[in-house]
Amino acid sequence: MTLRAGVLAVQGDVSEHAAAIERAATAHDEAAEVVEIREAGLVPDCDVLLMPGGESTTISRHIHRIGIDEEIEAHVAAGKPVLATCAGLIVAASDAHDDRVDTLNLLDVTVERNAFGRQRDSFEAALDVDGLGEPFPAVFIRAPLIDYVGDDVDVLATWDDRVVAVRDGPVVGTSFHPELTEDPRIHDLAFFEA
């Protein structure tokens, strides 16, 4: 079976996410066909969707301007999985505490942008993630903080008593960048363990 994986390619770690989903698929004896999403009309044919990091205001503006927003919402309404990381998490949230970001309300969470500091404050941490047997090597870069979690949202991980990974139905959101490691387990958790 070939998994059609769409990677929102407005900006961010597109090739790294493509490689991570390919590793995760291979671990399940599947192939992954990666489609870079830059225009409307491609999301409906995808089995899974990745929303990478980048600059959340730019991503938000672009997906709304060209109509990808409604396709992403329909993808989730159909129960298809999404992995939203860093800025992707901000765009997927119900509120980003920033009027410049028109969020998609895919996750019943609110987020604070850049809560872990600027680029120079980036760090790595061995993170205990619900569903993973061993700690995950999380990379935090200008990471958002999840400051409210709705009743039906599962908290998957915290760092220093702050929520950094959640699951809301078919959507997994992380404050960190799982694609920047060789470890495919977050992609596996989002797409194969849903």
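A residue counts as exposed when its relative accessible area is over 50%, and as buried when that area is under 20%. The model shown in these views is predicted.

**View 1**
Most residues other than glycine have a negative phi.

**View 2. Asparagine 105, in the loop between H4 and E5.**
The phi of asparagine 105 is near 60°, which is again a positive value in a residue other than glycine. Because its relative accessibility is 53%, asparagine 105 counts as exposed.

**View 3. The aromatic rings of Phe136, Phe140 and Phe176.**
The count of aromatic pairs comes to two. The ring centres of phenylalanine 136 and phenylalanine 176 are 5.9 Å apart and the planes meet at 40°, so this pair is tilted. A plane angle under 30 degrees would count as stacked, and one over 60 as edge-to-face. The pair joins distant parts of the chain, with its two residues 40 residues apart. Phenylalanine 136 belongs to strand E7 (residues 136–140), whereas phenylalanine 176 lies in the loop between strand E11 (171–174) and helix H5 (185–191). Both phenylalanine 136 and phenylalanine 176 are buried. Ring pairs link these two residues and Phe140 into a cluster.

**View 4. The largest nonpolar core, with 32 residues.**
The residues with the most contacts inside this core are Ile37, Met51, Ile63, Ile72, Leu106, Val109 and Val111. Several helices and strands supply at least two residues each, among them strand E2 (31–37), helix H2 (56–66), helix H3 (68–77) and strand E5 (109–112). Helix H4 (87–92) is also one of these elements, and the largest share of the core, five residues, comes from H4.

**View 5. Methionine 51 and its contacts.**
Methionine 51 is among the residues with the most contacts inside the largest nonpolar core. When neighbours within four places in sequence are left aside, the residues in contact with methionine 51 include Leu8, Ile72, Val82, Leu83, Ala84 and Thr85. Further contacts of methionine 51 include Gly88, Val91, Ala92, Leu104 and Leu106. A second, separate core has 31 residues, including Leu3, Val48, Ala165 and Val172.

Note on methods. Residues are numbered from 1 along each chain as its sequence is written. This is a predicted model: local features need pLDDT of at least 70, side-chain atom pairs count only at pLDDT 80 or more; totals for chains, interfaces and linings use all residues. Side-chain values use heavy atoms; hydrogens and water are left out. Rings of Phe, Tyr and Trp (its six-membered ring) pair if their centres lie within 6.5 Å; planes under 30 degrees apart count as stacked, over 60 as edge-to-face and the rest as tilted. Helices (H or I, at least four residues) and strands (E, at least two) are DSSP runs, numbered from the N terminus. Buried means under 20% relative accessible area, exposed over 50%, partly exposed in between (1.4 Å probe, protein chains only). A nonpolar core is a set of buried Ala, Val, Leu, Ile, Met, Phe, Trp, Tyr and Cys residues joined through side-chain atoms within 4.5 Å. Contact means heavy atoms within 4.5 Å.
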